Amino acid sequence: MWVRNAWYVAGWSHELEPGKVAARLVIEQPLALYRKTDGEVVVLEDRCCHRFAPLSMGRVEQDDLRCMYHGLKFAPDGRCVEIPGQKLIPQSAFVRRYPAVERGGWIWVWMGEEALAQPASIPDSVRLDDPAYRMRSSQMDYAAHYLLIDDNLLDLSHLSFAHEKTLGLDMPQWADERPRILPLERGLRVQRWLRGQPARSFMKRWGEALDLWNSYDFLFPGIFLLRTAFYPAGTAERCKLAAPAEAPLFLRYDDQAVTPMSHRTSRYFYAAGARSADIDPDRLDRLFATVEAAFNEDKAIIEAQQKLIDLDPARRMLPTSLDAGPTQFRRLVQTLLERDGEPGPAAAARAG
Amino acid sequence: MWVRNAWYVAGWSHELEPGKVAARLVIEQPLALYRKTDGEVVVLEDRCCHRFAPLSMGRVEQDDLRCMYHGLKFAPDGRCVEIPGQKLIPQSAFVRRYPAVERGGWIWVWMGEEALAQPASIPDSVRLDDPAYRMRSSQMDYAAHYLLIDDNLLDLSHLSFAHEKTLGLDMPQWADERPRILPLERGLRVQRWLRGQPARSFMKRWGEALDLWNSYDFLFPGIFLLRTAFYPAGTAERCKLAAPAEAPLFLRYDDQAVTPMSHRTSRYFYAAGARSADIDPDRLDRLFATVEAAFNEDKAIIEAQQKLIDLDPARRMLPTSLDAGPTQFRRLVQTLLERDGEPGPAAAARAG
Amino acid sequence: MWVRNAWYVAGWSHELEPGKVAARLVIEQPLALYRKTDGEVVVLEDRCCHRFAPLSMGRVEQDDLRCMYHGLKFAPDGRCVEIPGQKLIPQSAFVRRYPAVERGGWIWVWMGEEALAQPASIPDSVRLDDPAYRMRSSQMDYAAHYLLIDDNLLDLSHLSFAHEKTLGLDMPQWADERPRILPLERGLRVQRWLRGQPARSFMKRWGEALDLWNSYDFLFPGIFLLRTAFYPAGTAERCKLAAPAEAPLFLRYDDQAVTPMSHRTSRYFYAAGARSADIDPDRLDRLFATVEAAFNEDKAIIEAQQKLIDLDPARRMLPTSLDAGPTQFRRLVQTLLERDGEPGPAAAARAG
């Protein structure tokens with residue numbers, strides 16, 4: 001049911017304070033996250049091997065983590081190194097440790113076979129503490145299968161309807177034209193021009209209408225790295241609708257990640273902003289307020305969609321020309337599941 | 001499990017404002033209700049055929065309903081008439097439409113085969129906006145199977161106990177004597193005299209005690225149309241306990257409807273009042289306060305009963321002479337289920 | 001799944017006021033408790049045989065209990081003695097009655113075969129209204145299987161960790177040394193010396209450090225009767241670590257009972273105190289505040305543990321030398337289940 005051999009975002013780097021233990025659920029696996037004295041993130045199974053108390057209720061002791069039910073202590077590699085009042089520690093006394101990497105604002109965890117973990121395959125996103133950027137970030141939990149959120153991010157036509165008063169204001173082109181979709185190793189690249197879009201107030205100095213080059217990579221399990229480049233009206237046509245080579249007037253960054261927690265719960269991480277030189281804090285606040293309003297619109301629809309799916313799980317969706325992205329991505333998920341040896345159903349969100 | 005070929009009350013007429021879409025669940029089917037420009041009620045399946053977003057989160061556009069996830073638009077007959085950015089609309093692009101009728105204060109929906117829908121079979125109830133009547137109305141949701149609420153309404157002996165301080169105050173006769181029960185096409189007629197009942201304060205001008213002719217039709221799935229006629233003490237005997245021909249001193253109207261939402265949720269609609277000439281607003285307020293207090297007593301018992309049934313679903317109830325109405329009605333439900341080709345269990349509330 | 005032939009604590013004696021009916025759930029059986037006019041506790045099945053309304057919503061009438069849905073009345077032996085408006089009462093009109101006894105502060109109910117009920121097998125605990133003692137009592141509900149709470153009470157090593165800031169403050173010996181465990185008829189006796197423990201402030205008059213003789217009987221289903229005797233430092237050694245014969249400086253009483261309600265809910269009753277001569281109300285208040293803080297620590301861990309068990313029910317716990325008590329007790333539970341003819345799994349908390 002789950003793709004195990006993959007990097008998942010377990011949280012923001014700034015969420016994990018030294019000396020504290022954080023509890024996370026990723027593809028139904030309970031995880032305890034903490035930092036060693038040198039700051040390196042350790043991710044252990046959040047379930048003491050003794051009586052299954054959560055290690056996340058435990059205590060960081062130097063580089064180790066102690067269960068605070070009966071006192072078993074675990075090293076960063078998951079081995080139990082102390083059982084109170086007992087000399088011999090059996091070899092079976094350990095918890096699983098998960099490879100973990102901090103990269104671009106997020107803590108990534110490898111949920112599969114340790115030998116296959118390749119940190120190099122983690123995509124680049126903006127580090128929130130990088131002074132070159134000004135980003136705001138937050139997260140929300142969905143009562144929905146992660147693939148429904150992925151569907152949403154892979155078909156931005158919904159901006160014209162679901163977000164007609166927020167992100168898609170006066171932008172019917174989202175729904176009326178289809179993007180170009182290119183396959184990636186573990187995802188899709190989605191690109192399009194949006195021509196002659198009404199300029200938001202602070203962009204009016206560049207004209208009443210602008211051309212937007214909207215390009216994102218969408219990678220398993222739900223990493224969404226969007227760059228929106230604003231150009232003078234006419235640029236799209238001048239480029240013959242191909243990718244622009246010239247520098248944009250304004251470049252917006254949106255980094256997001258969807259993490260499945262269980263079959264009906266998912267966590268959605270998102271950051272939005274621009275280079276520090278391009279945006280001031282006030283404008284970022286206004287931008288982010290719109291972003292969050294829109295994401296709540298998505299959440300309301302997607303959670304309702306999940307309930308309707310669950311009311312009649314056998315029902316088949318109607319394919320339209322809008323669904324090229326979601327359809328290709330679900331085929332990819334199917335391939336990844338099969339590669340993991342999982343009996344993944346064609347429509348994981350439904351069966352899951 | 002459900003009788004499909006039946007009219008169900010989906011809501012009060014006044015609940016459905018022009019331009020708005022209402023969501024309802026009836027026998028586990030999600031429904032979206034809206035009005036055409038001419039006011040006619042349209043009921044569509046509340047699940048867009050595309051990605052299963054709820055149409056009730058959509059927008060009424062003239063006589064049509066647009067899904068506000070990706071913009072598909074549906075005509076009142078359920079056909080999809082627009083897919084943004086796509087010329088061809090496949091024949092399979094439609095949602096189910098349900099026959100709907102407004103009658104006597106309520107919106108009725110036919111949940112079965114369209115060809116079998118006969119609006120003429122809908123019983124008469126008081127229209128809340130009929131100036132000849134003064135009625136108050138409300139509704140409550142139960143966490144219980146609808147047949148448990150039906151049982152309650154079909155055996156008013158419980159007034160002497162469950163409502164001993166409200167509707168059944170000082171009225172042991174409810175429990176001590178049995179009503180006459182006559183079969184109807186899709187329900188039962190329940191009638192009885194209650195003799196020498198203590199007069200409520202505003203009726204004392206007609207004597208300390210009164211005779212009440214209590215008569216209601218109870219129709220599938222839970223339509224309860226009660227008329228309580230008050231007469232001078234002695235009338236019952238004079239009529240030889242048959243139905244009275246003469247005009248009553250006071251005639252009270254109670255129109256109620258039980259609608260199954262799911263196996264453990266039901267909606268209970270109720271209105272109470274009298275002819276405008278017979279009751280003033282203050283007295284109606286007091287009457288309705290008593291009614292609502294009593295209905296909360298019912299809800300507490302019935303929801304507790306449902307929990308006890310679920311704790312031991314195989315257990316059999318003990319039949320008594322009190323249960324003639326509930327027993328006959330459950331037999332009728334069984335017949336209706338079989339007529340629909342449903343494998344209905346003898347005790348739907350239990351197995352359901 | 002449940003041991004039926006056993007006494008269970010249904011509540012505190014003082015919870016059951018004359019004229020009131022209390023609802024309880026014990027091993028998934030709904031119980032209605034009330035007192036006869038002579039004060040004797042009656043425990044009936046909390047489900048009217050007629051339509052399954054709860055008798056606990058009923059009315060005590062002298063020694064009988066009347067269902068307040070349709071008015072059936074039951075005698076203390078469970079027989080229906082009145083059906084409104086009906087002369088004949090069928091023999092099948094009865095609810096189960098459960099043998100009940102008040103003993104030592106608690107109401108005990110026998111959940112099995114009536115003929116096997118032996119009040120003599122109920123262990124002695126302190127009566128809360130006994131003037132010779134000063135006890136405080138309370139209770140809390142767990143969202144966990146009762147055996148997880150039993151495990152906790154059978155392995156006090158957790159005091160050094162789970163309660164390192166409350167009951168186990170500065171007491172690593174709880175975890176570092178193992179108690180002596182003796183088998184009882186339906187439980188275990190657990191005993192140990194804790195030597196040279198730092199004296200709490202009010203005991204400092206007897207020295208900076210004290211020896212504690214900690215002894216409790218733990219009986220099915222979770223009766224925990226702990227006596228903690230404080231002695232001058234050196235007493236343990238003088239007694240050669242055997243049970244002390246001499247009178248202690250201070251003797252503390254802890255009487256507790258775990259009652260399974262369902263597979264995932266349990267009620268935990270607890271009282272703590274000492275002889276009236278040994279403790280004043282202020283000190284008892286402070287003692288009890290510590291006790292309750294500690295029990296909330298247990299509850300947080302055990303409920304988390306239950307969730308982790310349910311996330312992966314097939315997983316096996318790692319046995320350590322800490323688990324002698326829990327392991328022996330679960331073996332006893334298994335024997336009791338088999339004696340009852342129940343297909344009890346080896347790990348009831350897991351499978352349950």
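A residue is called buried here if 20 or more other C-beta atoms lie within 10 Å of its own, exposed if 12 or fewer do, and partly exposed in between, with C-beta atoms placed from the backbone. Helices (H or I, at least four residues) and strands (E, at least two) are DSSP runs, numbered from the N terminus. The model is a predicted one, in which local features need pLDDT of at least 70 and side-chain atom pairs count only at pLDDT 80 or more, while totals for chains, interfaces and linings use all residues. Residues are numbered from 1 along each chain as its sequence is written, and chains are lettered from A and ligands numbered from 1 in the order in which they are written.

The buried residues of H1(A) are Tyr146(A), Leu147(A), Leu148(A), Ile149(A), Asp150(A), Asp151(A), Asn152(A), Leu153(A) and Leu154(A). By contrast, Glu237(A), found in helix H3 (residues 235-238) of chain A, counts as exposed because it has 12 C-beta neighbours inside 10 Å. Glu237(A) is 42 residues from Ile279(A) in sequence, and their C-alpha atoms are 27 Å apart in space.

Next comes the packing of H1(A). This helix packs with helix H5 (residues 324-339) of chain A at an angle of about 140°, their axes being 8 Å apart. Axes are lines fitted to C-alpha atoms, for helices over the stretch in contact, and angles run from 0 to 180 degrees between N-to-C directions. Angles under 35 degrees count as roughly parallel, over 145 as roughly antiparallel, 65 to 115 as roughly perpendicular and the rest as oblique; H1(A) and H5(A) are therefore oblique to each other. Residues are in contact if their C-beta atoms, placed from the backbone, lie within 7 Å. From H1(A), Leu147(A), Asp150(A), Asp151(A) and Leu154(A) meet Gly325(A), Pro326(A), Phe329(A), Arg330(A) and Val333(A) of H5(A). This contact has five nonpolar, one polar and three charged residues (Ala, Val, Leu, Ile, Met, Phe, Trp, Tyr, Cys and Pro count as nonpolar, Asp, Glu, Lys and Arg as charged, and the others, Gly among them, as polar).

In chain B, the axes of H1 (residues 146-154) and H4 (residues 281-311) come within 10 Å and cross at roughly 130°, so H1(B) and H4(B) are oblique to each other. H1(B) contributes Leu148(B), Ile149(B) and Asn152(B) to the contact, and H4(B) contributes Asp298(B), Ile302(B), Gln305(B) and Gln306(B). Three of these residues are nonpolar, three polar and one charged.

Between chains, 21 residues of chain C are in contact with 20 residues of chain A. On the chain C side, helices H2 (173-176) and H4 (281-311) are the elements that give two or more residues, and H4(C) supplies the largest share, six residues. That side divides into 11 nonpolar, six polar and four charged residues. Chain B places 20 residues in contact with 21 of chain A, and its side has 11 nonpolar, six polar and three charged residues.

The chains can also be superposed, using least squares on the C-alpha atoms of residues with pLDDT of at least 70 in both copies. Chain C is laid on chain A by a rotation of 120° with 0.1 Å of shift along its axis (RMSD 0.1 Å), which is the relation of a three-fold axis. Within chain C, the C-alpha nearest the axis belongs to Arg264(C), 12 Å from it. For chain B on chain A, the turn is 120° and the shift 0.0 Å, with an RMSD of 0.1 Å; here Arg264(B) is the residue of chain B that comes closest to the rotation axis, at 12 Å (C-alpha).

Definitions and conventions: Two residues are in contact if their C-beta atoms, placed from the backbone, lie within 7 Å.
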